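Here is a short report on one protein model. Look at the structure first, then read on.

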Amino acid sequence: RDLDAVHGFTGQVGQSLDPDEIICAAVAQTAEILRTDAAAVVLFNDSGGAILRIHGIVGLHLPTDAEDENWRSLIMSERVTLVSGDELDPLKTDGSPIVEMMVAPIRDGSGVIGLLVVGGRTGAGKRFGSDDIVRLQNLTEQLTASLRRGMLHQRIEREARHDGLTGLPNRLSFERSVIDAAETRSSNDLLFVMMVDLDRFAEVNDTLGHHAGDELLIEVGERLSSVIGPDDVLARLAGDEFAIVGHRPTHADMVEFAWTCVRNVGRPVTLDGLEIVVTASAGVALID
């Protein structure tokens, strides 16, 4: 029965390469297999927060990042931990009836990337036993394998569509954005593509080195990102070439936006302790 349950669990969480779909399937399947009222997956992200997916009412203050002091020992644990009594009290929400839980760390090569949390069963005599701990460990190992595949696929997909230096969409992704914008336009606004080039960028590389040139490109990407509209798409095409596809109500608004980009990029920037000014040029083409 355990083998059948694990096999079924693996089939459910392995149907998708989307990490969110994987963990949603995992919490539902874990609760069913272990006959619990609730289960949750906490997946820590690179920005220092966490993604939470919950099945049922867990009755716990789940961690919102990997540094949560109340969960620290559980996050650092090597195996499944059964928690009850005084250890559980600081983690419970007000009025929570939960009397025990199981916590399994989700690990990849870099360390703990999340937790699989199983809430206690209700009713007398329905406590977790050693068999349940083994089952949860097996389920967690299967979940970890599926998440690794999903996260690798997600990273490969992102790298294929984004510039590795600035994190902006690359040329291929930008071309798709232009096509999508042209096909889905639904207003009378002017739709345009704008190219932004840095003037004398080669001199920065030749004088200060490529490291300084990379820092400048990252800074330019951030400056342009701060002035584009919510529906605009900014991309780095190659070298010092940036592009924006967007729409504005009038020709004057479009031209003013171009000047805003040029002025913002042309503000002084400090590279290797030197304050320099690198100006930019912009060209705009309307999409009919």
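## T30 and its helix

The model is predicted. Start with T30, which sits in helix α2. Is T30 buried or exposed? Its relative accessibility is 0%, so T30 counts as buried; the cut-off for buried is under 20%.

Now take α2 as a whole. The helix has 15 residues. From its first C-alpha to its last it reaches 21 Å, close to the 21 Å expected at 1.5 Å a residue. Several of its residues are buried, among them P19, I22, I23, A25 and A26. V27, Q29, T30, A31 and I33 are buried as well. At the start of α2, look at D18. One of its side-chain oxygens comes to within 2.9 Å of the backbone nitrogen of D20.

Most residues other than glycine have a negative phi. Which residue follows α2 with a positive phi? It is R35, with a phi near 55°. R35 is not a glycine, yet its phi is positive. Find R35 in the loop between α2 and β1. Its relative accessibility is 57%, so R35 counts as exposed; exposed means over 50%.

R200 also has a positive phi, of about 60°, and is not a glycine. Its place is the loop between β6 and α6, which covers 201-208. At 59% relative accessibility, R200 counts as exposed.

## Helix α4

How many residues does α4 have? The answer is 32. At 1.5 Å a residue they should span 46 Å, and the end C-alpha atoms are 47 Å apart, which agrees.

The buried residues of α4 include D132, L136, Q137, L139 and T140. L143, T144, S146, L147 and G150 are buried too.

With 3% relative accessibility, S146 counts as buried. Its side chain joins that of R149 through a polar contact of 3.2 Å. An α-helix has 3.6 residues a turn, so residues three or four places apart point the same way.

## The largest pocket

The largest pocket holds about 700 Å³ of space. It is lined by 28 residues. Which of them are closest to its centre? They are F44, N45, D46, M151 and Q154.

Several elements build the lining. At least two residues each come from α2 (19-33), β1 (39-44), β2 (50-55), β5 (111-119) and α4 (130-161). Which element gives the largest share? That is α4, with five residues.

## The largest cavity

How many cavities of 30 Å³ or more does the structure hold? There is one. About 40 Å³ of space lies in the largest cavity.

Its lining consists of L216, E219, V220, R223, V265, R267, V269 and V278. Helix α7 (residues 210-225) supplies the largest share, four residues. By kind, the lining has five nonpolar residues, no polar ones and three charged ones.

## One aromatic pair

A pair of aromatic rings is described by the distance of the centres and the angle of the planes. The count of aromatic pairs here comes to one. The ring centres of F192 and F257 are 6.1 Å apart and the planes meet at 55°, so the pair is tilted. Planes over 60 degrees apart would count as edge-to-face, and those under 30 as stacked.

Where do the two residues lie? F192 is in strand β6 (residues 190-198), and F257 is in helix α8 (residues 251-265). The pair therefore ties together parts that are 65 residues apart in sequence. Both F192 and F257 are buried.

Conventions:
Residues numbered from 1 in each chain as written. Predicted model: local features only at pLDDT ≥ 70, side-chain atom pairs only at ≥ 80, totals over all residues. Heavy atoms only, no water. 1 Å grid on protein atoms, 1.4 Å probe; cavity = no way out; pocket = protein on both sides within 12 Å on 5 of 7 lines; lining within 4 Å. Points joined across faces, edges and corners; volume = space filled by probe spheres on them. Expected span 1.5 Å × (residues − 1). Buried < 20%, exposed > 50% of the residue type's maximum accessible area, 1.4 Å probe, protein only. Polar contact = N/O pair within 3.5 Å; in protein donor to acceptor, adjacent residues only side chain to side chain. Phe/Tyr/Trp six-rings, centres within 6.5 Å; stacked < 30°, edge-to-face > 60°. Nonpolar A, V, L, I, M, F, W, Y, C, P; charged D, E, K, R; others polar.
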